[in-house]
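Hi,

Here is the structure I promised to pass on. Have a look at it first, then read my notes below.

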Amino acid sequence: MSHSNPPSPKRFERPGPLTGRIRVPGDKSISHRSIMLGALAVGETRVTGLLEGEDVLATAAAMRAMGAQVERGEDGTWRINGVGVGSLLQPQQALDMGNSGTSTRLLMGLVASHPITAMFTGDASLSKRPMGRVIEPLSQMGASFEASPGGRLPLMLRGISPAVPITYRLPVASAQVKSAVLLAGLNTAGTTTVIEPVPTRDHSERMLRGFGASLEVSEENGERVIAIQGEAELKPQGIVVPGDPSSAAFFVVAALLVPGSDLVIENVGLNPTRAALFDVLRDMGGNIEELDRREIGGEPVADLRVRHSALSGVEVDPAVVPAMVDEFPVLFVAASFAQGTTTTTGLEELRVKESDRITAMAEALTLAGARVEEREDGLVIHGTGGDPLPGTPEDAEVTTHLDHRIAMAMAVAGLASHNGVTVDDTAPIATSFPTFETLLASASGTS
Ligand code: S3P
């Protein structure tokens with residue numbers, strides 16, 4: 001999980017057109033939450049379409065270490081037998097979170113209001129990421145922490161029961177921080193409230209309600225106010241996980257860029273707090289059609305038909321950033337091929353993802369021959385007007401910094417370049433999209 005194996009470099013080159021129908025794996029955010037809430041419900045939760053990527057498997061292993069049964073059946077259905085809110089067990093070993101910020105921050109929330117102590121560890125990328133943003137509200141609730149310098153992993157968390165209910169106004173737009181506080185609130189008597197000045201993905205709220213928690217969302221002075229009542233009793237559920245829009249994004253952009261492409265991506269989750277990339281790409285001239293819009297497991301879903309398109313540069317409204325926060329690496333790639341300039345602002349949070357995605361993408365795209373200016377809070381990209389990028393020189397490779405989305409975004413750039421793009425390590429792709437390369441080969445007829 002920690003990618004200590006030797007790096008696995010690969011050159012991505014111009015394929016044939018991307019055609020046919022593909023299905024991307026289940027949504028990462030929803031998969032994490034289905035295991036966590038299943039592990040807190042008494043009885044059996046069944047999950048189909050779960051993302052079997054390393055990040056989600058880290059969550060599954062952690063919930064097992066705290067007493068839940070989490071098993072994959074031969075038919076691919078996951079069965080989770082939970083321990084009940086308040087009954088998580090003391091883990092006997094450190095919880096290895098691998099590369100996964102979502103596992104870490106959400107599980108810190110769960111542990112914080114249980115009378116257990118847990119050590120959280122992670123890989124080199126995760127150990128650089130800030131945890132102070134969850135330490136701060138969870139300390140207010142009574143948990144205590146011994147963190148590495150700068151509030152980082154490895155860290156020891158001592159949970160407390162009873163914890164103190166708080167009202168917390170998010171200082172950063174972060175669904176992980178919001179979810180950590182709400183999950184801590186599950187085992188905290190009284191009302192725990194999170195105030196969200198800028199809306200972020202709402203999968204936790206939807207799923208907590210689905211499992212029977214008493215959770216209310218209201219709007220006050222233009223801010224979202226989310227209040228959860230503890231101590232909650234969760235009832236097991238049947239969950240169908242929709243396809244991950246953040247994974248679909250790589251194939252959407254690839255089909256827009258590779259001439260002759262006409263690709264259908266089935267079953268893509270289109271929760272409005274996640275789907276802004278597709279609107280931005282349409283504004284750029286991308287031909288993306290939604291087919292058979294429907295609802296699955298309380299989330300809007302559609303099949304996306306994407307055809308090769310000429311793109312134009314745009315100024316991306318910073319207000320949409322939370323609804324496409326993980327999609328900027330691949331948007332930068334699309335912008336590199338557009339006619340004119342694309343400007344992005346308000347992207348400070350990208351600097352604390354699995355890598356500093358502003359600098360990592362500026363360096364990677366520049367190496368592939370794109371014209372990119374780096375600013376403190378975003379990139380300005382001057383596109384080729386539809387021409388291929390030169391690609392990376394024969395003896396050079398882009399550095400992905402243990403970041404799956406940098407690897408996949410630059411793979412997509414390689415598909416639309418003259419000489420291809422070499423990424424230094426494809427291993428991190430398995431954290432969120434283990435079938436990426438297989439699907440790419442099947443969509444481009446090279447499998
Ligand atoms: C996630 C929230 C986002 C996102 C991450 C998944 C979640 O992080 O980048 O990939 O599942 O809640 P932040 O909350 O830090 O923005």
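Let's start with a term you'll need: a salt bridge is a side-chain nitrogen of Lys or Arg within 4 Å of a carboxyl oxygen of Asp or Glu. R129 forms one with E354, where the closest N and O atoms are 3.8 Å apart.

Some ground rules before going on. This is a predicted model, in which local features need pLDDT of at least 70 and side-chain atom pairs count only at pLDDT 80 or more, while totals for chains, interfaces and linings use all residues. Residues are numbered from 1 along each chain as its sequence is written, and side-chain values use heavy atoms, with hydrogens and water left out.

**The two domains**

The domain assignment gives domain 1 (10-26 + 242-443) and domain 2 (28-240); such bounds come from an automatic or database assignment. Their centres, taken over C-alpha atoms, are 29 Å apart.

How many residues of each domain are in contact with the other? The area buried between the domains is about 2200 Å², and carbon and sulfur atoms give 49% of it. Buried area here is the accessible area (1.4 Å probe) that two parts lose on being put together, summed over both.

Between the domains the count is four salt bridges. There are also 16 residue pairs in polar contact across this interface, both residues being at pLDDT 80 or more. (A polar contact is a pair of N or O atoms within 3.5 Å; within protein, one must be able to donate a hydrogen and the other to accept it, and residues adjacent in sequence count only if both atoms are side-chain atoms.)

Helices (H or I, at least four residues) and strands (E, at least two) are DSSP runs, numbered from the N terminus.

**Strands and a hairpin**

Two strands pair if DSSP finds at least two bridges between them. Strands β20 (residues 371-375) and β21 (residues 378-382) do this in the antiparallel sense, over five bridges. Together they form a hairpin with two residues between them, and R375 has G378 in β21 as its bridge partner.

There's also an open sheet of four strands, in the order β6-β7-β9-β8, with mixed pairing. Its edge strands, β6 (95-96) and β8 (144-148), each pair on one side only. β8 pairs with β9 in the antiparallel sense over five bridges, and S148 stands opposite R152 in β9.

**One arginine to click on**

R293 sits in strand β16 (residues 287-296). Which residues does R293 contact, leaving aside neighbours within four places in sequence? They are L270, P300, V301 and A302. The R293 side chain also makes a polar contact with the side chain of E290 (2.8 Å).

Most residues other than glycine have a negative phi, and most peptide bonds are trans. Here are some exceptions. A cis peptide bond joins S161 and P162, with omega about 5 degrees; P162 is in the loop between β9 (152-158) and β10 (167-169). Another cis bond joins G230 and E231, with omega about -5 degrees, and E231 is in the loop between β13 (223-230) and β14 (238-240). Finally, N267 is not a glycine but has a positive phi of about 65 degrees, and N267 lies in strand β15 (residues 262-269).

Cheers

Note on methods: Contact = heavy atoms within 4.5 Å.
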